[in-house]
Amino acid sequence: MDVYGRMKELGIELPKAPAKGGVYAQAKEFGQGLIYISGCVPTIDGESPHGKLGAEISIEQGQECAKNCMLNVLAVLEKKIGDLNKVKNVVKILVFVAGTDEFYQHPQVANGGSQLLVDIFGEEVGAPSRSAIGVNALPGNVPVEIEALFEVI
Amino acid sequence: MDVYGRMKELGIELPKAPAKGGVYAQAKEFGQGLIYISGCVPTIDGESPHGKLGAEISIEQGQECAKNCMLNVLAVLEKKIGDLNKVKNVVKILVFVAGTDEFYQHPQVANGGSQLLVDIFGEEVGAPSRSAIGVNALPGNVPVEIEALFEVI
Amino acid sequence: MDVYGRMKELGIELPKAPAKGGVYAQAKEFGQGLIYISGCVPTIDGESPHGKLGAEISIEQGQECAKNCMLNVLAVLEKKIGDLNKVKNVVKILVFVAGTDEFYQHPQVANGGSQLLVDIFGEEVGAPSRSAIGVNALPGNVPVEIEALFEVI
């Protein structure tokens, strides 16, 4: 499987890796080919969407945000390793969903991010272990933030 | 130590591994014998309890939920590796406790989950590194969700 | 680079490792030289500060709390490995910031913790991958909690 051919078929184009928003590394390699990607927020049309699930943001918009977070995660990963075909395992993602105290459909929102991984890398490689949780607020009032752990060759 | 003998002594019976609630892998192996188990919610008498700490759920109920999340984590792990005697290290758990803005006893709740690990695997193997935090809402309005990292032979 | 010489130059003194606040291990080694440090809260002048960002706690106080969490993380790590010069990689930190529903400057708060790592270990080794998120409440009503993953020789 060539990842870029798959992405082209799916009409997926990687964005430019986002700018760093603080004192940290956007990607950190450790152990034998393990890489942690720092929490990415969505950027749609060059701007970060604002608001919370259960209020200004619908589930569909939240899923689009999760997909967009994941595109940023992959852009950061590509910048680090040069070629997404080197990905041999999407190990783990942690999906933070900013919502009201009565919003409980975090997994549906998170699916927008993990589905992209499955679409690009296939079920076996791409389906990560995952937690999806609610939080009362995220940086800059974005609706979703995702961090990820990859294993590469 | 045989894990199943210990569990029998303690009167602990593993539930059937829960159904998957989204697009992800319930367990993902990586590196040398490392396995991430996706966030598990509690199921008591076949249903997930609802509510939050500091409101509908007491600390004792929360501890029972945390224990039950962990039983589900172990059920998923057993489904993945076949035999819990292969566990050589419970590396890390992350315990999310849904509570009111004024509930601050997350560690007491989380103990319900980590105590089970110590009971089953013993202190040295079973006591994991841990974070226990509050969140304003969890999937399906469950009170507790736990993810875990194991090392197996 | 000798880590302790650097800390002396910076006027940084490690506190005594904090007491454990529940059923878990404060540090857990796994894989090849990987160590997870459990979530640490701040202790300033022997007491944990209370309150939330956006309410009782200012950004500057939050940064001081994050720095103090990290000092506790390093104290726990030193207790585990004996010598902080053995740190070869600060892999990952997860920074939980307790704030109001309208507080969105979690990364600025988290910088107080990650800057300490960069100051002590230098940019390449010390800058970790990071997520910084908001939560509605933390154990004991502390404003910040940080967990960390290190790689040591």
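**Helix packing and chain contacts**

User: Quick one to start: which hand does the crossing of α2(A) and α3(A) have?
Analyst: In this predicted model, the crossing of α2(A) and α3(A) is right-handed.

User: And at what angle do those two helices of chain A pack?
Analyst: Helix α2 of chain A, residues 59-81, and helix α3 of chain A, residues 106-121, pack at an angle of about 35°, and their axes are 7 Å apart.

User: Which residues make the contact?
Analyst: On the α2(A) side they include Ile59(A), Gly62(A), Ala66(A), Cys69(A) and Met70(A), while α3(A) contributes, among them, Val109(A), Ala110(A), Gly112(A), Gly113(A), Leu116(A) and Leu117(A). Counted by class, the contact of α2(A) with α3(A) has eight nonpolar, six polar and two charged residues.

User: Switching to chain C, how far apart are the axes of α2 and α3 there?
Analyst: The axes of helix α2 and helix α3 of chain C are 7 Å apart, with a packing angle of about 35°, and the crossing of α2(C) and α3(C) is right-handed. Gln63(C), Glu64(C) and Lys67(C) of α2(C) are among the residues making the contact, as are Gln108(C) and Asn111(C) of α3(C).

User: Do the copies meet through different surfaces, or what?
Analyst: They meet through different surfaces, because only 11% of the interface residues of chain C are also interface residues in chain A.

User: What does chain C put on its side, the one touching chain A?
Analyst: In this interface, 28 residues of chain C are in contact with 23 residues of chain A. On the chain C side, β3 (87-98), α3 and β4 (129-135) each supply at least two residues, and by class that side has 12 nonpolar, 12 polar and four charged residues.

User: And chain B against chain A, how many residues are in contact?
Analyst: Here 23 residues of chain B are in contact with 28 residues of chain A. The strands β1 (27-30), β2 (34-40) and β5 (144-152) of chain B each supply at least two residues of the side that touches chain A.

User: Which of them gives the largest share?
Analyst: The largest share of that side of chain B comes from β2(B), with four residues, and by class the side has 12 nonpolar, eight polar and three charged residues.

Technical notes: Residues are numbered from 1 along each chain as its sequence is written. Chains are lettered from A and ligands numbered from 1 in the order in which they are written. This is a predicted model: local features need pLDDT of at least 70, side-chain atom pairs count only at pLDDT 80 or more; totals for chains, interfaces and linings use all residues. Axes are lines fitted to C-alpha atoms, for helices over the stretch in contact, and angles run from 0 to 180 degrees between N-to-C directions. A crossing is left-handed if the near helix is turned anticlockwise from the far one by less than a right angle, and right-handed if clockwise. Two residues are in contact if their C-beta atoms, placed from the backbone, lie within 7 Å. Ala, Val, Leu, Ile, Met, Phe, Trp, Tyr, Cys and Pro count as nonpolar, Asp, Glu, Lys and Arg as charged, and the others, Gly among them, as polar.
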